[in-house]
Amino acid sequence: HAHLRFILLTSLPIEVLPTISSRCFKVAFSPIDEEAIISHLVEKKNLTHEEARQIALQSEGSMEKVFERLESMKDPIRTSFIEILQQYFGSPLDLDSTEALIKLDNLIEKHAVSSPAMSIRLLDQLLGDWLFWLRDLHVLREVPSQGLYFASSREHLIRQLDLGTLPSLEKGFALVDQARLSLQRSIKPKFVFEQLLSRSLCKKHWS
């Protein structure tokens, strides 16, 4: 039909066959405004403003990522990981932190059996949470009035600021890239997160 149009949506245009893409007119969509995402989540999903803001910050304007973050918001794996960040980020690993990582690893393994694809996305979100935790520490140190991603964990963040010198954000991005590569190589999540935490150890100031 002369007026018939097909709309193809993809986040990976490179995967579209050339015979199809050559016949398409490409339209790039701008990221959705952060405040619009927050309003939608508060009004339609009954989230608190803080919960909505957390999701909006990491969604990068993508509704697909919004729904992924929304699904994992109350996931016991993510809850367990946030507790690990609250207790052990920047601190030397000990028996308690090792036990917490083992419990996290068991949860991840059970999840992977029922939903392998979702487990991969969830692990990537946990790495994002680690990076945002480091970001919050830097923000709290430099601009305390600035909004925090983990606002409800402010007391934990303040305590960790007293541990010493923070790893730089540049180092943080590099560590997350290394962790992603390790997970892609099927290294057990426990060892990946253990290494990530040990490398994020805050260094004491020396006089």
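A residue is called buried under 20% relative accessible area, exposed over 50%, and partly exposed in between. The model is predicted, and side-chain atom pairs count only at pLDDT 80 or more.

The interior comes next. In soluble globular proteins, nonpolar side chains tend to be buried together. Here the largest nonpolar core has 36 residues, and Phe-89, Leu-104, Trp-130 and Phe-193 are those with the most contacts inside it. Helices α5 (76-88), α6 (95-114), α7, α9 and α10 each supply at least two residues of this core. The largest share, 12 residues, comes from α7. A second, separate core of nine residues includes Leu-41, Ala-52, Val-66 and Met-73.

Beyond its neighbours within four places in sequence, Ser-200 is in contact with Phe-89, Gly-90, Trp-130 and Pro-167. A polar atom of the Ser-200 side chain lies 2.8 Å from the backbone oxygen of Leu-197.

Not counting residues up to four places away in sequence, the residues it touches include Arg-53, Gln-54, Arg-69 and Arg-78, together with Asp-129, Phe-132, Arg-135 and Asp-136. Tyr-149 and Thr-79 are 70 residues apart in sequence, with their C-alpha atoms 15 Å apart in space.

Charged pairs are the next topic. Side chains of opposite charge can pair when their charged atoms come close. Nine salt bridges are found in a search of the whole structure. One of them joins the side chains of Asp-124 and Arg-180 at 2.5 Å, N to O. This pair links distant parts of the chain, 56 residues apart: Asp-124 belongs to helix α7 (residues 116-142) and Arg-180 to helix α9 (residues 169-184).

Asp-136, a contact of Tyr-149, forms a salt bridge with Arg-135 at 2.7 Å, N to O. With a relative accessible area of 0%, Asp-136 is buried. Arg-141 and Glu-142 form a further salt bridge, with their closest N and O atoms 3.1 Å apart. Of these two, Arg-141 is partly exposed at 40% relative accessibility, whereas Glu-142 is exposed at 54%. Asp-105, Glu-109 and Lys-188 are linked in a network of salt bridges.

Which residues form a nonpolar patch on the surface? They are Leu-4, Phe-6, Leu-8, Leu-17 and Ile-20, with about 570 Å² of accessible area together. Leu-4 is found in the segment before α1 (18-21). It counts as partly exposed because its relative accessibility is 49%, and a residue must be over 50% to be called exposed.

Technical notes:
Residues numbered from 1 in each chain as written. Heavy atoms only, no water. Patch = residues over 30% accessible without salt bridge, like charges linked within 9 Å, V, L, I, M, F, W, Y side chains within 5 Å. Areas by Shrake-Rupley, 256 points an atom, 1.4 Å probe, with all protein chains shown as cover. Salt bridge = Lys/Arg side-chain N within 4 Å of Asp/Glu carboxyl O. Helix = DSSP H or I, 4+ residues; strand = E, 2+ residues; numbered from the N terminus. Buried < 20%, exposed > 50% of the residue type's maximum accessible area, 1.4 Å probe, protein only. Contact = heavy atoms within 4.5 Å. Polar contact = N/O pair within 3.5 Å; in protein donor to acceptor, adjacent residues only side chain to side chain. Core = buried A, V, L, I, M, F, W, Y, C linked by side-chain atoms within 4.5 Å.
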